[in-house]
Amino acid sequence: MRESSFAVASPGSLPGLPTVLAAQRGDQQALADLASGCLPLLYNIIGRALNGHPDVDDVVQETLLRVLRGISGLRQPISFRSWLVAVAIHQVRDHHQSRQRSQIRQTPLDDITDVADPRADFVELTTLRLGLSNQRREIAEATRWLDADDRELLALWWLEESGELQRTDLVAALDLPSRHVAVRVQRMKQQLDLGRAVVRVLHQPGNCAGLGAMMAEWDGSPGALWRKRFARHIRECDGCSARSSDLIPAERLLAGLPLVPVPLALAHSSLPSASGSGLVHARHARHVTKLLHLPAKALISVPLAAGAVAGLAGLAVINHGGTGRPAAATAPAVVAGSAKPSTIATTRPAARAAAAPSPRPKVVAAPAAKGGTSCIKGVSTWTFSAANRSLAASGACWYYDWASGNSGIAARGAEFVPMMWGAKSVTASALAQAKSQGKTLLGFNEPDMGAQSNMSPAQALALWPKLVGTKMRLGSPAVATNGATPNAWLDTFMRGAAARHYRVDFITLHWYGSDFRTANATVQLRSYIQAVYARYHKPIWLTEYALIRFGSTTQYPTQQQQAAFLRSSTTMLAKLPYLQRYAWFALPATKGSGTGLFTTAGKPNVIGSAFQSLPPKAH
């Protein structure tokens, strides 16, 4: 993630009383200063209250617009901050109510949901951009387990503990007596601590069989129901209770934290930043002044350069009643030769479709990338005589061959995804070839295995900027094992990438099951994927998987058993909202292989026929 992708907010940057008074008189520069000074605080309140919902940008802009239009009527300018916070909370509540009404009208009752965009997760921005560690990271992740009302309150209390707000601001925003606010804050903190305990035990499950059984049933999405279930287990389990018994009071963890930087999709580059403290240019102030005097119907949409919202000028291009969606933060989230096929897959985290278009004004922006409702079914392959014919017959919508080029393998409708297999693969020519043949780049193949790319996390991190430099969507290195284990290869790499602000768009995994019983193997695969998601909270590609029992003699299940697992596992994978793609190992069924799909003559075997019956798209 590049530093230039964010405008850095500094504590105490909220406009003072002279600026507020000048803005009330209609001073153009004061209006511009007011807007730029309020933006970091508004973004933090609304972003955390909505937890990175795709509409965060919209709600922030609408709130700022209301503030600019209403500043002249503010009766007590000295209370500007409390009024600003109250306007923000009012807009958040309006957003929740509007979404609920729209979902009730348009969505079957059993399917009602309101899910944050994985690419815009505010928790991820908090932990990564502020460099939170250990219990501070846990408390940030625990916010995912709160109800909407508690997240709204936490957004305010977090800023109070960080020194950005005062209790009077909370009282004004919530429109409740001070003693009632204190009670609500105390209850919210209790729920937050439950969430912290859940985060702790999910990251460190130990050998608790009861917790493992619960995780096998859990779909990986934080929520109130599962918070209660996991919390009940923690209370009743001595081991899990002991692992979550050393929680530092939340107040001590949050005090003194700075604001999360504002994405440049919202902020103009002239906002105060690490490189200087420039002011909004006068021409932007003129845009604001003109905007304040225009009736709502006169505000029309116009194209925006590079699909970005150019700060205050962007306010002048609000599209009332349109269907365009705002661009999310321009920077992607951060954390986390060919040889024998060891897979990896890739596609940028796809955004979930919004439940229903918000009736609020929309800012015209570049269209977002299509998400997880598109291609999901894939295969790994190497060259064989009937490769093209088999790939076409398989129905796979994507494939890879552990190399930067497709080796002449192609089929209509099947996307090729290149890979940098190992350290020696990272050459200028290979990177150029990958960029010319695909849109997504897979990282290194099983670097934790001596027989595969055999790289240390430090070696991979040293080469990673070259992969980032392709500007392709980028998947993590695909480890063979221990994807969710603290301090194992992938965990070390992802922590190093986060510390260096390196981009990793999604996690790639390999998995081979040694239990040939269909139900058991499916549960084991799901548990592994859930544990990895719980650790990194990034979309996942399962790029190499099947049933194989490794040992002195490699053992395979029967083709009927393998086919049964294939059908069961893909049904399960389709229900995991963060599982973006999978790739079976592998397309060719060479002699002695118990996992391949098509013979060298291009005929599907029992497993291949099962694979052909699978839909290429996610439902």
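The predicted model contains an open sheet of six strands, arranged in the order β7-β6-β5-β12-β11-β10 with parallel pairing. Strands here are DSSP runs of E with at least two residues, helices are runs of H or I with at least four residues, and both are numbered from the N terminus; two strands pair if DSSP finds at least two bridges between them. The edges of the sheet are formed by β7 (415-416) and β10, each of which has a single partner strand, so one side of each is left without a neighbour in the sheet. Because this is a predicted model, local features need pLDDT of at least 70 and side-chain atom pairs count only at pLDDT 80 or more, whereas totals for chains, interfaces and linings use all residues. Residues are numbered from 1 along each chain as its sequence is written, and side-chain values use heavy atoms, with hydrogens and water left out.

Strand β10 (residues 507-513) has six of its seven residues buried, so β10 is largely enclosed by the rest of the structure. Buried denotes under 20% relative accessible area, exposed over 50%, and partly exposed the range in between, for a 1.4 Å probe and protein chains only. Strand β10 runs parallel to strand β11 (residues 540-547), to which seven bridges join it; Trp541 in β11 is the bridge partner of Thr508. Leu542 has Tyr582 in β12 as its bridge partner.

Side chains of opposite charge can pair when their charged atoms come close. With a salt bridge taken as a side-chain nitrogen of Lys or Arg within 4 Å of a carboxyl oxygen of Asp or Glu, the count comes to nine salt bridges. One of them joins Arg535 and Asp491, whose closest N and O atoms are 2.8 Å apart. Arg535 belongs to helix α19 (residues 518-536) and Asp491 to helix α18 (residues 489-499), so the pair ties together parts that are 44 residues apart in sequence. Arg535 is buried at a relative accessible area of 18%, and Asp491 is buried at 3%. Asp505 forms a salt bridge with Arg503, the closest N and O atoms being 2.6 Å apart, and both residues are buried.

A further salt bridge is formed by Arg200 and Glu138, with 2.7 Å between the closest N and O atoms. This pair links distant parts of the chain, 62 residues apart, with Arg200 in helix α9 (residues 178-203) and Glu138 in helix α6 (residues 134-142). Arg200 and Glu138 are both buried.

Turning to helix packing, the axes of α1 and helix α2 (residues 28-50) come within 8 Å and cross at roughly 125 degrees. This makes α1 oblique to α2, given that angles under 35 degrees count as roughly parallel, over 145 as roughly antiparallel, 65 to 115 as roughly perpendicular and the rest as oblique. The axes are lines fitted to C-alpha atoms, for helices over the stretch in contact, with angles running from 0 to 180 degrees between N-to-C directions. Within helix α1 (residues 17-24), the buried residues include Val20, Ala22, Ala23 and Gln24. Helix α1 is followed by Gly26, which has a positive phi near 95 degrees.
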